[in-house]
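In this notebook I record what I looked up about nonpolar cores and charged pairs. The entries follow the order in which I examined them.

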Amino acid sequence: LSARAAWRLESLGFGRVYDYAAGKSDWMAAGLPTEGAAASRPTAATVARREVPTCHLEESLRDVRERVRAAGWDACVVVNEKRIVLGLLRADQLGRDGDVTAGSAMRPGPSTFRPHVAIEELAKVMATRDLPHVPVTTSGGELIGLLVRADVARAVQEVEGIARLRRVA
């Protein structure tokens with residue numbers, strides 16, 4: 001059970017919510033070092049931008065929009081006090097009019113990726129689903145950073161360029 005699901009169940013009144021014990025997948029999902037042939041390949045953790053705009057559910061969308069745009073972004077990750085990802089505000093949500101909160105404007109439960117996911121896999125998913133940004137989280141749902149599709153595309157081009165050079169050599 002993910003932390004995000006556990007938080008949601010608790011908010012719905014469930015009193016007995018359990019979590020699982022960590023294992024190998026959690027080691028990789030936490031972005032901890034690995035060994036082997038794939039260890040040097042770009043992953044979600046190595047490409048994600050760490051310093052990204054965040055906001056809380058109850059914040060005014062108007063205030064969030066001003067802060068996000070002033071920082072040069074067109075997206076904001078909605079988190080709780082423990083940095084658990086609750087939603088995502090993209091350009092279309094940030095542009096909404098009216099006196100609303102980030103929580104009411106956000107896309108709840110956005111697709112997220114773990115830090116160990118290969119960049120080639122991310123590129124395919126982001127292109128297929130037309131995702132401009134994707135949060136990277138721990139297995140507990142804590143925000144690590146935000147992937148920007150242009151950054152992912154550049155990383156894939158670099159990997160392909162290195163692979164071509166190795167074939168020629």
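**Entry 1: the largest core.** I began with the largest nonpolar core, which has 22 residues. I noted that Cys55, Val64, Val77, Leu89 and Leu146 touch the most other members. I keep in mind that the model I am reading is predicted. I then looked up which elements supply at least two residues each to this core, and found α4 (61–70), β2 (76–79), β3 (85–89), α6 (102–105) and β6 (143–148). The most comes from β2, which gives four residues. As general background, I wrote down that nonpolar side chains tend to be buried together in soluble globular proteins.

**Entry 2: leucine 146.** Which residues is leucine 146 in contact with, leaving aside its neighbours within four places in sequence? I listed Ala48, Arg49, Val52, Trp73, Ala75, Val77, Leu88, His133, Val134 and Pro135.

**Entry 3: a second core.** I also found a second, separate core of 17 residues. Val125, Leu131, Val134 and Ala155 are among its members.

**Entry 4: salt bridges.** How many salt bridges does the structure hold? I recorded four.

**Entry 5: aspartate 151 and arginine 49.** The side chains of these two residues meet in a salt bridge, at 2.7 Å from N to O. Aspartate 151 belongs to helix α8 (residues 149–168), while arginine 49 is in the loop between α3 (44–47) and β1 (54–55); the pair therefore ties together parts that are 102 residues apart in sequence.

**Entry 6: glutamate 59 and arginine 67.** I looked up this pair next and found a salt bridge between the side chains, with 3.0 Å from N to O. Arginine 67 counts as partly exposed, at 37% relative accessibility.

**Entry 7: arginine 149 and aspartate 130.** Here the side chains meet in a salt bridge of 3.1 Å, N to O. Because arginine 149 lies in helix α8 and aspartate 130 in the loop between α7 (119–128) and β5 (133–137), the pair ties together parts that are 19 residues apart in sequence. I wrote down arginine 149 as partly exposed, at 30% relative accessibility, and aspartate 130 as exposed, at 53%.

Methods
Residues are numbered from 1 along each chain as its sequence is written. This is a predicted model: local features need pLDDT of at least 70, side-chain atom pairs count only at pLDDT 80 or more; totals for chains, interfaces and linings use all residues. Side-chain values use heavy atoms; hydrogens and water are left out. A nonpolar core is a set of buried Ala, Val, Leu, Ile, Met, Phe, Trp, Tyr and Cys residues joined through side-chain atoms within 4.5 Å. Buried means under 20% relative accessible area, exposed over 50%, partly exposed in between (1.4 Å probe, protein chains only). Contact means heavy atoms within 4.5 Å.
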